[in-house]
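I opened my notebook today with a simple plan: look at the fold first, then at the charges.

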Amino acid sequence: MAKVTFKARTEWKGGMVAEGTARGFKVTVDEPKDLGGTDTAMNPVEMLLCSLGGCMAIVASAFAPMCGVELKGFSVDLEGDLDPDGFLGRNPNVRKGFSEIRYKMHIVSDSPEENVKKLYELIQERCPVKDTLKGVPVNGDMVIEK
């Protein structure tokens, strides 16, 4: 298959609220009140955790048949550690983003355990969001509009 380029646009809506759009779908991000937001939506790092879990769920669904797994249910519990002092500029030695992300996959299936383990390993290996979080160059540019 040829390389596919995904596109999105995010627009600030005031305060700590922004709206992202991709392929006509919209998502809102905000911050909790204790971080200056209005707490009307997930914040970007919570959305990142949901993106990772959502990607794992899609990979599980896509590859379960290939692994001989009848998937009856799938969920992922995720958590990430973030020190706001990095983002807020209070401590230049603190990472701005997550210092660690942990997750636990819950795979509901009556299929043989070896097949389920094979699916688990395949999810680990093939999840595009997990792969991206391992480190990919993020390059930007600026356009000043008046």
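My entries below go from the overall fold to the salt bridges.

**Fold.** I was working with a predicted model. I looked up the secondary structure of the protein chain and found 4 helices and 5 strands. Read from the N terminus, their order is β-β-β-α-β-α-β-α-α. I then checked the radius of gyration: it is 18 Å, well over the 15 Å from the globule rule for 146 residues, so the chain is more spread out than a compact globule. Along its principal axes, the C-alpha trace spans about 60 × 35 × 30 Å.

**Burial and surface.** I noted that 23% of the 146 residues are buried. The accessible surface is about 11100 Å², and carbon and sulfur atoms hold 54% of that.

**Charges.** I found 19 positive and 22 negative side chains, with the centres of the two sets 6 Å apart. How many salt bridges does the structure hold? I got 10.

**Strand to strand.** Glu 79 and Arg 102 pair at 3.1 Å, N to O. Glu 79 sits in strand β4 (residues 73-81) and Arg 102 in strand β5 (residues 100-108), so this bridge ties together parts 23 residues apart in sequence. I have Glu 79 as partly exposed at 45%, and Arg 102 as partly exposed at 27%.

**A network.** Salt bridges with shared partners join Glu 11, Lys 13, Glu 19 and Lys 26 into one network. Among its links, Glu 11 meets Lys 13 at 3.9 Å, and Glu 19 meets Lys 26 at 3.5 Å. I logged Glu 11 as partly exposed at 40%, Lys 13 as partly exposed at 47% and Lys 26 as exposed at 60%.

How values were computed:
Residues are numbered from 1 along each chain as its sequence is written. This is a predicted model: local features need pLDDT of at least 70, side-chain atom pairs count only at pLDDT 80 or more; totals for chains, interfaces and linings use all residues. Side-chain values use heavy atoms; hydrogens and water are left out. Helices (H or I, at least four residues) and strands (E, at least two) are DSSP runs, numbered from the N terminus. The radius of gyration is taken over C-alpha atoms; the globule rule is 2.2 Å times the number of residues to the power 0.38. Buried means under 20% relative accessible area, exposed over 50%, partly exposed in between (1.4 Å probe, protein chains only). Accessible areas come from the Shrake-Rupley method with a 1.4 Å probe; for residues, only the protein chains shown count as cover. Lys and Arg count as positive and Asp and Glu as negative; His and the chain ends are not counted. The place of a charge is taken as NZ of Lys, CZ of Arg, CG of Asp or CD of Glu. A salt bridge is a side-chain nitrogen of Lys or Arg within 4 Å of a carboxyl oxygen of Asp or Glu.
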